[in-house]
Structure formats: C-alpha cells, structure tokens
Amino acid sequence: MIDFSTPPYLLQAHTSVRRVMVQVLVALLPGIGAYVWLIGPSILLQLLVASLAALLAEALMLRLRGRPLGLFLSDGSALVTAWLIALTFPPLAPWWLITVGTLLAIVVAKHLYGGLGQNPFNPAMIAFAACIVSFPALMSQWPVLGLKLTLVEQLEMIFGLAPRIDALSGATPLDALKTALKIGEGNIDIPTLLATQEVFGTFAGRGWEWVTAGYLLGGLWLWQRKVIHWQAPAGFICGLSLLAGALWLWNPERFASPLFHLFSGGAMLGAFFIVTDPVSGCTTTRGRLIFGFLAGVIAYTIRVFGGYPDGVAFAVLLLNLCVPLIDMYTRPPIFGMKDGK
Amino acid sequence: MISREEFAQIRNNGVWSQNTSLVQILGLCPLLAVTTNLVNGVMLSLATILVMAVSNVAVASLRNLIPHEIRIPVFILIVAALVTVVDLVLNAQLHQLYLVLGIFIPLIVTNCIVLARVEAFANRNPPLQSLFDGVFMGVGMLWTLALLGGLRELIGAGTLFSGIDMVLPGVQPLQLLPADYPGFLLAILPPGAFILLGCLIAWKNWIEARMAARARRPGHRQTATPAVADGR
C-alpha cells in the first residue's frame, strides 16, 4: 500500500474560517465573564441583540448578492463582528444604537465592499466610529460602577421603557481622567487623582482593569493556538506604551502610566482582537509590526490629546487605509532572490 | 429649429443617461456641501440651471466669433458675469438663503458642469439646442440633489423641507419622524453624502441593468438606443 497522507515536512493547516472565528469567540469569553461580573447581565443582552442583527443583516445581504446562505452564515465571522461591537458600545445603550452600528458594519463596511475577506476597513471599528460621530452623547454614557440594577431595570434601560437618567451614567476611566485634568487646570495631578477618585482601581479603571485583563488572557490563548500572530499585538502594545512611557517619565503629573493606558479603554481588545484582523490588517510579518506600532501611537495620541474618549477605533481605521502601502514596502524577498531584486 | 427626436435625446441625456451627478459625477463639491437638506439642494440647482441655460445660449450664439485658442477664458468670463447676476439677485431677494448657500453661489463659476456643457455642447450646437441642453442637464442635477438632500435630511434630522420659510415665508417644514428622533448625524456629515451618492449610483445602474436584461429577453421588441457620443 502506498501512503498518500501528507508528508511530515509539509505543514498541515486544519484551519477554516469557521474554526478561527469560533476560537476568537471563545477567546472573548474571559473578558465577557469579567464584564458580566462588573456590570451585570445587560452586556449579554447587548451581545444577543448585536448577534441577531448581524445574522439577519448577513442573511439579507447574502441573499441580495446571490451567495450561498448556509456556508457564510455558519462561518461565524458576522458573530465575531457583532460581539466586538457589543463589547465596545456602552452596555446600557438603547437597543437601536447597537442595531444601527451592527447594520452599518455588516451592510456597509462588509458586504458593500465585497463581503468576507474583501473589506478594507474593520467592520466593528466602522460601527464604533460612525456611532460615536453620530450619537456622541449616547455613546459616552457608561454606567456608574457600584450601581446595582436588577435585570429588569437593565432591560428597561436598553429597550427605552425607563427614562435614561443622566445620574445613572458616568464616564469611562479615560474620560474621567481627561475631564478631571481639564477642570483641574494644572492644580491637580494624576497620582492624586488615581488615589482619590473611586473610578480608578489598582492600576487602571476600577473593575474595567479586570475586563481588559480578561481580553489579554483570551488574546494570549489565541496566540498560543496560533490563531493570531504576535507581531500586530506586540507592535500595538509597544507603540502605546513607548509613547505613554516617554511622556509619563517626562511629566508623571500630567500623563498617566503606560500600565494605566494599556488596561484602559479599548487598548487590550484592540491589541488582540482588532489589529489582528487578518482581512483589514497587514499581511506581511514586518508589516504587521509596523501596523500595530503606528496604531498604538495614533490611539494614544487621539486618546490623550484628541476630543474623543478613546482612539483605538480611529487609529485602526486610519491604519487600515495605509495597509496597501505598508504591505508594498514590506514585501518579503522571494526565496532565492537577492533582497528586493 | 429643433426636431422632436433631437429634443427627446437632449432631454434623456440631461435627466437620466448623462446625469451630471450620477453618471458624469461632476460638481461633487457643491453636491456634498449643500445637500444637507432638500431646500438647499433645490435652490442651488435652480441657480445652476439659470446660469447653465443662459450661458449655453450665450456661448452658442457667439460660438463662431470666439477664437478657438482662448475659448476657455471667454467661457469663464461669460459664466462669471451670469453668476455675479445670480449672486446679487439672491443676496437681495432671498438673503437668508444666500447666507446658507454662502460661497457655493459664487463657486457656480468653477462648477465643472457649467464649463463642461459650454465646452462640450454649446460650443458646437445652435442656441436653441444649447438652451435645452443647459436646462435639462440642470434638471438632472436638480432631481438628484433634491433626492440626495431629502434623504440626508430625513435620515439625519427626521425632517423634510427645513428652511423652506426662507424661500416661501409662512410655510412650515415637515417633521416626518417623531420629535425625539435622535438624528443620525453621519448622514448630514460629508461621509453620509458620499455613502448615499454611492447608493444612488448603484440604484441607477441596477435600474439600467434590469431594463437592459428586459430588452434582451427573447420575444421582447428590440429597441435599439443609439449610442450617445457626448463630451464629458
């Protein structure tokens, strides 16, 4: 008998879109777990709303484009987009906000550009950017920590049955820091703020630091499973912490530590789940490093000096535009050829 | 004089098959900036129609006198003179609207649609044909800008005809969506104009593809449409 199985020196890839997407979903679970512990079950409801909207939009667009429904619906890519959107939106946002975001992501950012594998921009980040530009007030209402709402109350908030009381809504730790510094007019410094205000925890935002640590855990697992490459997250974390570290060393009273920035806002989610997007990110090894690094630098710049509470979404979208250029300049030499010739 | 077929062709070209915004994609600057609501889009289009009609007639009448080498400066002079008139009239009669449309009225001079029609059509055709070409090209722009402006206004703010009291005093704008509609700001911002214009172009191409498929179907009477060789 002749053995026709693949020779041992060829790498066998047991990968399909579905396997990758399912693993990404699993990797999000630690972060989601911490989120539920911190905020309550409302985030699960948002995940459900986003998933339903994403699947419906995906089915509709596939039908309009005459593509096989079952194959693409079951690959899980729409679910990943939906979950990322739900995790970046405020957990008590009204249901229509997250639906609008998801529809934009799936219909405009994904299918109008050609569907799975063709989109030049990260759909989840398009949803976030479009919604924060269109509905800035709703997109910055984050629940005050320690506010214990029952499931019914959370449901009422999301479905618009209860009035949206402003007192229920606070700011993210990043926002709180920026606002306090602006109000303080130089009379207040960051170490005091971090020590006194209860929105801040051990090393970043109270509670939120554990959610982002959950994302870190899931991201490391993805890397260990070889679902993502290390270059993009490493580049992102380097870019963010180098810039943050330099400014922090220069003036620790005005600039928060790199640790604070890494565990605040969308940094960890961005590092492991957004800049690692195989479609809208770079495809070369060096390109991924550059992509991540620049995204980190721009995210920090927008977050600290810009008007928006977090800059990860805008940084990623800006870098998505640069991907063809980066890929062109970092193309590896063909085997056997001299470098670049 | 003008034959019936010639008239129909000029009309179809202007309103549909050579539509300035959807096919020639000319004059995007005023299109993006002004169509934040229906009234602005319509009023700017009306001003442009006026300029296009008169400048086309003027150029067509003078086309045998204008030296070929310096025709563009002469065209610009003619168009600029007309735009100045429109600008002053709007400033005097509809001052509120003039403030809203702002720089885009004087900028009709540089609007590539006006120069394109003057150069591509009026410079080679008699005045009457040129008049109809100017008017129908403008009508094509009018309905597109009205549609785009209406869509952007409806999605972005939930109203229709806001600002109509600047044109017709006493008329109230329509509030189509509930008053607590939060407003989808993206539609009002320039990206919304690009996205919606893209959708409108896709819609037009879809209609044409469907009409072409229907015409190709066996048993259907073949209606051959002559290819239009028209300057862009």
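How many Å separate the centres of domain 1 of chain A and domain 2 of chain A, taken over C-alpha atoms? The answer is 21 Å. Welcome to this predicted model, in which local features need pLDDT of at least 70, side-chain atom pairs count only at pLDDT 80 or more, and totals for chains, interfaces and linings use all residues. Residues are numbered from 1 along each chain as its sequence is written, while chains are lettered from A and ligands numbered from 1 in the order in which they are written.

**The two domains of chain A**

- Domain 1 of chain A covers 17–170 and domain 2 of chain A covers 185–329, with bounds from an automatic or database domain assignment.
- Between them, 29 residues of domain 1 of chain A are in contact with 28 residues of domain 2 of chain A (C-beta atoms, placed from the backbone, within 7 Å).
- On the domain 1 side of chain A that touches domain 2, two or more residues each come from α1 (17–39), α4 (77–88) and α6 (123–134) of chain A; helices are DSSP runs of H or I with at least four residues, strands are runs of E with at least two, and both are numbered from the N terminus.
- The most, 12 residues, come from α1(A).

**Confidence**

- The model has an ipTM of 0.76 and a pTM of 0.83.
- Chain B has an average pLDDT of 86, and 94% of its residues score at least 70; pLDDT is the predictor's confidence in each residue, from 0 to 100.
- Among the elements of chain B, helix α7 (residues 127–157) has the highest mean pLDDT (92), and strand β2 (residues 174–175) the lowest (80).
- Over residues 226–232 of chain B, pLDDT stays under 50.
- Where pLDDT is low, predicted coordinates should not be read in detail.

Note on methods: Contact = placed C-beta atoms within 7 Å.
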